Structure formats: structure tokens, C-alpha cells
Amino acid sequence: MMMSKTSSETSEIPLFAPHLVLAQREPTDRFSTPSSIGVEVRTSAACLGLRVEVAALEQVSRVLLRWRRPIEPDALVLGDAWERSYGDLQWRGQQPERVLPWSMLVHVPATGTSWGFGVEVRGASFAFWTVDEEGLSLWLDLRSGGQAVRPGDRAVPAAVVRAVRDDRTPFAAQVALSRLLCRDPLPVGSIVGCNNWYYAYGRDFDAAAVLRDARVIADLVGDHPMRPFGVIDDGWSPDGMADGRVASGGPWDVGRPASFPDLSDVAAAIAAEGVRPGIWFRPLLTRHEPQLGSIGPRDGAFGLDPSHPATLRTVAEDVARLRAWGFELIKHDFSTYDLLGRWGPDFAGSPAPDGLRLADPTRTTAEVLVDFYTTVHEAAGGAVIIGCNVVGHLAAGLVEVQRTGDDVSGLVWGRTRRTGVNTLAFRLAQHGAFFTVDADCVPSTPVTDWSLNRRFLDLVSRSGTALFVSVDPTTRTDAVDADLSVALRRALDGGQPGGVEPLDWLQTTSPSRWRCGEQEIRYDWLEPWGGDPFEQEQTDATAHLMTSHVDQSLTAQAIAQQNKTP
């Protein structure tokens, strides 16, 4: 495989046609030669990359492309995540059936060489790779929901494949590949602000609490010319939280009468504090059964089908309304789950469950999602868009900011270490290449150790990625405020000059050694007992205490006592 040098250290690898091409007509069929099932797979040059288009006389579900290329036996392999990552990104040895969404990197320790393949953003397929000692395979899911797509007389622009080699570090190779796969990230300045989710969890907050948080963040950043955001998270909508674990649904035309009687007034009051107003919503869930465009029950409400024109009209109206109320940042959440009914770790090689039927069978699920993200972007009127539970590879260039990892926690520190540190390390290369990376908030709560949270705060602020803080007012002290102020102002300045880079990420899922500018900093993320294998059970139990209707001071004492032991 020849290489064409683009610098002395980085090379884009020119791609040739695959050695094997197979296709699948129905989702449960065996893969066959494309012509035998009425499918045509066309490959053509795209500069040094390879364009893949798929036509079908009637229908097609998946396409497989295989390149023979021996892989060194000691090579380490890394993939990306379908939407958010869940603390599960990791360099590992070869596992032939391991699903590597969107892109794959190979690092050969013996030679120090790294190389990778990926598909350009906003393609028409859900794409993943598999790697084994004899080569690599690209699997393209072209289904419409869980059904075979029926594209008619058009060829589906399934993917544009690109490859890169870098002889510096694995991180440099990941950065080079990310920049190759997206040529049009949306420009945005420093993203810094406050968000009440990790101490309020959607409960017992109102406009007065939001304004209090806005005053706190304004005070912490002082006279910095870049102004932070104050984000109203889940719980402001008419029905509030359905229960302690289920996020709100629409309609999104008014707030909760007692807590947020006029959202325009709330946005104006936030702005009056010198803070930019932001708001969260869940665009593809409604409590009122829609006349058109429903995809079926979701969390006791109704999911909306973004392949239906009525859904896109509703989404555009909701986003435009939030912008008209005065919000300069709009965070949209849950759309992948509300469409597909499952979270990223449950996708495996099939993002949509078999049988899921979309209103428009002529477009792939990936095309439907790109249209949905485009609708949000165009309706936002210049507001900053944060995607959460959004397929980042399909939304790059359509969202300014992307929550790249699952939730951290204001209840159990181990979850912040597992998800927050992992996504910052393993998806940092996408920062500025795809979007502004958001590794999630830094909590300050009575039940988590500030000495640990402040380490995450320090690293995020140095990284130049988005920094949001969730500060329980009862935790404020002069020392905590000083830590927050330094970090927030550093983040508003753009982070550590020279950036940051994980140094020990080949060996661990939670890197502790980081290059920060010209220095190396070691962060100790572990609690005295190390990692907690019961972290999720502990988080669930603590969340139950936090959301039950009991005296909050007693709740805090019970949680603090629980957290004293592993």
C-alpha cells in the first residue's frame, strides 16, 4: 500500500478498491455478491480517498468491503463510539469481531508507527470497522430504521473512506485522521458556563435558583471579556420530570407555571447578570400524542419520527421558539434513544433494532438523522447548539458542541472518573476538528470529594474543551471558589497554551499522565479502594435518596455515610 507524503511525519494513504465486496438484501439474510441480489456497489476515487455508492433495484440492508492487509500481531487497536462513549474506549489487542464505529486506529509499539482508516462525517450509513491479523473490513448499515432501505432510482452516497499514517504518536495520528474526516467544523469561541443538573437533577429548582447560579458564575469569572453561559437543564417544561430517572418531554411551548412562568423573562434576567442564557430540551419526545410522525411509545410518552415532515416542522418551530425567547445556547438531548429505542452500548453492530419502521423507507437512518441535525442547526438562528445523545459523526459540522461521553455524577465520584476522564482522553482529538468537545460538567456537591472533582476541573480547563460547572450553593467556600475562578478564567482564555495530550492512554482507560503545554502533570483519579465495581448500583441507590421526598439534610448525611466505604 503506497503512501503519499503530506508532511515529513504525517501521510494520507491513497486507497485502492477493496479486495472483496458483499451485500445483504434483508437484515437477516446472509451476505452475497451484490449482483446476485440486485445491488450495485460503486467505488471511485475521492482525491486520495475512496467514495462508495450503493444502488439497488429494490432494497438493500448492508454492504461489506474487505481489504487484505497483514496486521502486526503486537498491534493495539482503537475505535470510536456510535454516539456518546460510556467509559468503554480503550486501546486493545486484536479482536476480530470487535465493532469499531466510524474509524479505527492501529498502533505498532515495536516501530512506533500509527495508522488509521475512517469514513467522512455526515455519510449516508452507520459505518464500523473490524480488524484482524489478515486485514480490515468496513461494514455499512444502510437500513431505514430496522428495515431494508428502498432507495428507488438513486445511488445512496454510503461513505467516503480515508486513511492516514503518522510516525509521531498515536494521539497525533488520531488528530490527523479526525481532521481528514471533517473539513467544515463550525467555528465557536470558548464554551464555559454553569448547569444545575448535577446538584438539582431536574428537581426542586426554579427561575430564582437559575438566576442565583448565573450570579455565581458571573462572579467567578469576574471581568473576563468572554462571557459564560447559564444553562437551564431538564425540569423546566410543563410536566417537569416524569419521575426521578426519566427526562421531560414536550410540548415545548411554555415552562412550568409556578417555576418558569415566562421563559423570555428568565432569559432576559440571566442576560442582565452578564451571563449568556442557555436551555436544554428533548426534541423527539412529547407527552401529547401527535397526529403525525409518531414512532411509538418512549418512556411513557411518544417518540417522534424525524423522517416524517411533520416532526421536522415541530422541531424547527420548537428550536426557533427557544431562540426567540432569548436563549443563545440550545442543548438538545435524547434524540438517538428516542428514535432507536436503545443506548450506544446496546448498538453492537446494529444501531437500529430489526423491524423498526420509519415513515420514509427511501432514506437511510443516517440520512434521516443528518436531516434532523440540519433542521436544528438552521432553525437555531445563530444560537450555539450542543448535541447530547447525538451521533457525533453524523452531526459534525451541524453542532458547535458535542457531549462526547455519558453523564458524569454529582453523587458518586467513580462515575465521573470512568466516563468523564475516558471521553476527554479518547475523543479529545475531535476537539476543533469535528466540534468543541464537551466531556460533561464538573460537579461540586456535598456528597462528592472536591479534591477529586477539582483535578477533573483543572484538566478540563487546560484542555480548551467546553467547561461547565454544576455547583451546589452549600459547597461554596473561599477555597472552592478560588479553584473554580482560576479554572473558568483559564478555560475562557482557551485553555493551556500548547494544549494537552494523554500520555498513558495505551495502558489505561482513565489516563493519569498528561502533557499540558511543555510540562507533564499526573492526576490521581482513584479513591483509597481503587475503582468501584459496584459504582452503578451505588449511583442508582444514591439517586433514589436524592430524588425521594425526604429532608435534604438527612439525605446528604445518609449519602455521606454511604460514601465512606467502598
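Let's start with Trp 236. Trp 236 is buried, at a relative accessible area of 0%. Keep in mind that this is a predicted model.

What does Trp 236 pair with? A search of the whole structure finds 28 aromatic pairs. In one of them, Trp 236 partners Trp 252. The ring centres are 5.4 Å apart, and the planes make an angle of 50°.

Where do the two residues sit? Both are in the loop between β15 (229-232) and α4 (263-272). They are 16 residues apart, and the pair links distant parts of the chain. Is Trp 252 buried or exposed? Trp 252 has 2% relative accessibility, so it counts as buried.

A second pair is Phe 372 with Tyr 373. Their ring centres are 5.5 Å apart and their planes lie at 50°, so this pair is tilted. Phe 372 is at 0% relative accessibility and counts as buried. Tyr 373 is buried too, with a relative accessible area of 1%.

Back to the tryptophans. Trp 236 and Trp 252 belong to one aromatic cluster.

Arg 282 lies over its face, 3.9 Å from the ring centre. Phe 334 is in the loop between β20 (329-332) and α6 (335-340). Its phi is near 70°, a positive value in a residue other than glycine. Is Phe 334 buried or exposed? The cut-off for buried is under 20%. Phe 334 has 15% relative accessibility, so it counts as buried.

There is another arginine over a ring. Arg 69 lies over the face of Trp 115, at 3.9 Å from the ring centre.

Staying with backbone angles, go to Ala 348. Ala 348 has a positive phi of about 50°, although it is not a glycine. You will find Ala 348 in the loop between α6 and α7 (365-379). At 49% relative accessibility, Ala 348 counts as partly exposed. The label follows because exposed needs over 50%.

Now a cis peptide. The bond from Gly 250 to Pro 251 is cis, with omega near 5°. Pro 251 lies in the loop between β15 and α4. Trp 236 and Trp 252 are in that loop as well.

Next, two helices. How do α3 and α11 pack? Helix α3 covers residues 207-221, and helix α11 covers residues 478-492. The angle is about 75°, with the axes 8 Å apart. The two helices are therefore roughly perpendicular to each other.

Which residues meet there? From α3, we have Ile 217, Leu 220 and Val 221. From α11, we have Asp 481, Leu 484, Ser 485, Leu 488, Arg 489 and Leu 492. Of the residues in this contact, six are nonpolar, one is polar and two are charged.

Last stop, His 308. His 308 lies in the loop between β19 (301-304) and α5 (309-324). Leaving aside residues up to four places away in sequence, His 308 touches Leu 292, Gly 293 and Ala 359. Ala 359 is 51 residues away from His 308 along the chain, yet their C-alpha atoms are separated by 5.8 Å.

That's the tour. Thanks, everyone.

How values were computed. Residues are numbered from 1 along each chain as its sequence is written. This is a predicted model: local features need pLDDT of at least 70, side-chain atom pairs count only at pLDDT 80 or more; totals for chains, interfaces and linings use all residues. Side-chain values use heavy atoms; hydrogens and water are left out. Rings of Phe, Tyr and Trp (its six-membered ring) pair if their centres lie within 6.5 Å; planes under 30 degrees apart count as stacked, over 60 as edge-to-face and the rest as tilted. Helices (H or I, at least four residues) and strands (E, at least two) are DSSP runs, numbered from the N terminus. Buried means under 20% relative accessible area, exposed over 50%, partly exposed in between (1.4 Å probe, protein chains only). A charge sits over a ring if NZ of Lys or CZ of Arg is within 6 Å of the ring centre and within 35 degrees of the ring normal. Axes are lines fitted to C-alpha atoms, for helices over the stretch in contact, and angles run from 0 to 180 degrees between N-to-C directions. Angles under 35 degrees count as roughly parallel, over 145 as roughly antiparallel, 65 to 115 as roughly perpendicular and the rest as oblique. Contact means heavy atoms within 4.5 Å. Ala, Val, Leu, Ile, Met, Phe, Trp, Tyr, Cys and Pro count as nonpolar, Asp, Glu, Lys and Arg as charged, and the others, Gly among them, as polar.
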